[in-house]
Amino acid sequence: MARFKETLWDRFFNRLPESAANEAIRALKRGGSYRDVDFFTLKEAEAEVERLRKRAKLALADYRQWKTGQSVNALFDVFRSHEGRALREHARSMTALYSDARHDHRELTDLLMASIANDAPATPNKATGGNHGQQ
């Protein structure tokens, strides 16, 4: 079975409504060219990944706390099971958001590194004019 690599742009369109996907792509385009990602975009993505990681950890901790409390008192089983389903779904959705954000951050990092690798060499040669300071 062949596996297809989903690009960052494909993920925007697959995960978000079309208008939100277009807006996200426009926001990335404002920072530079279509393929390049600047450092500040990457830094913002990193901050968002960290924020979502913390929220996912808190959601998982809430679910674990509920699960251990579940065994202590079986008096309100119906309410607790409903609460547990809600906490479990919340933990799943936060973990999925964190995972998507990490994946996007990794993709942005790859784009930034590719744009740096494709830059012109920093040391000039005779063809590009290496006579700096000489007249």
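Predicted model: local features only at pLDDT ≥ 70, side-chain atom pairs only at ≥ 80, totals over all residues.

Me: What share of the residues count as buried?

Reply: Of the 135 residues, 22% are buried. Buried means under 20% relative accessible area, exposed means over 50%, and partly exposed is in between (1.4 Å probe, protein chains only).

Me: OK, helix H1. Which of its residues are buried?

Reply: H1 covers residues 8–15, and its buried residues are Leu8, Trp9, Arg11 and Phe12. They sit on the same side of H1, because they cover an arc of only 160° around the axis. That arc is taken from the directions from the helix axis to the C-beta atoms.

Me: And what do those buried residues pack against?

Reply: The buried residues of H1 pack against helix H2 (18–30) and helix H4 (77–117). Packing here goes by contact, meaning heavy atoms within 4.5 Å.

Me: What about His105, where is that?

Reply: His105 is in helix H4. With a relative accessible area of 18%, His105 is buried.

Me: Which residues does His105 touch?

Reply: Leaving out residues up to four places away in sequence, His105 touches Leu42, Ala45, Glu46 and Val49.

Me: Across the chain, what share of contacts join residues at least 24 apart?

Reply: Counting contacts between residues at least 6 apart in sequence, 65% join residues at least 24 apart.

Me: New topic: aromatic rings. How many aromatic pairs are there?

Reply: The rule goes like this: rings of Phe, Tyr and Trp (its six-membered ring) pair if their centres lie within 6.5 Å, and planes under 30 degrees apart count as stacked, over 60 as edge-to-face and the rest as tilted. By that rule there is one aromatic pair. The partners are Tyr63 and Trp66, which are stacked, at 5.7 Å centre to centre with 25° between the planes.

Me: Where do Tyr63 and Trp66 sit in the helix?

Reply: Both are in helix H3 (residues 39–72), and they are separated by about one helical turn because they are three residues apart. An α-helix has 3.6 residues a turn, so residues three or four places apart point the same way. Trp66 counts as buried, at 16% relative accessibility.

Me: Now salt bridges. How many does a search of the whole structure find?

Reply: The search finds six. A salt bridge is a side-chain nitrogen of Lys or Arg within 4 Å of a carboxyl oxygen of Asp or Glu.

Me: Can you show me some in H3?

Reply: Glu48 forms one with Arg51, with the closest N and O atoms 2.5 Å apart. These two lie three residues apart in H3, about one turn of the helix. Glu48 is partly exposed at 35% relative accessible area, and Arg51 is partly exposed at 38%. Arg53 also forms a salt bridge with Glu50, where the closest N and O atoms are 2.5 Å apart. Arg53 and Glu50 are three residues apart in helix H3, so they are separated by about one helical turn.

Me: And in H4?

Reply: The side chains of Arg92 and Glu89 meet in a salt bridge (3.5 Å, N to O). Arg92 and Glu89 are three residues apart in helix H4, so about one helical turn separates them. Salt bridges that share partners also join Arg15, Asp100 and Asp104 into one network.

Me: Which residues form the nonpolar patch on the surface?

Reply: Phe76, Val78 and Phe79 form it, with about 350 Å² of accessible area together. Patches are made of residues with over 30% relative accessible area and no salt bridge: like charges are joined within 9 Å, nonpolar side chains (Val, Leu, Ile, Met, Phe, Trp, Tyr) within 5 Å. Phe76 lies in the loop between H3 and H4, and is partly exposed at 44% relative accessible area.

Key: Residues numbered from 1 in each chain as written. Heavy atoms only, no water. Helix = DSSP H or I, 4+ residues; strand = E, 2+ residues; numbered from the N terminus. Areas by Shrake-Rupley, 256 points an atom, 1.4 Å probe, with all protein chains shown as cover.
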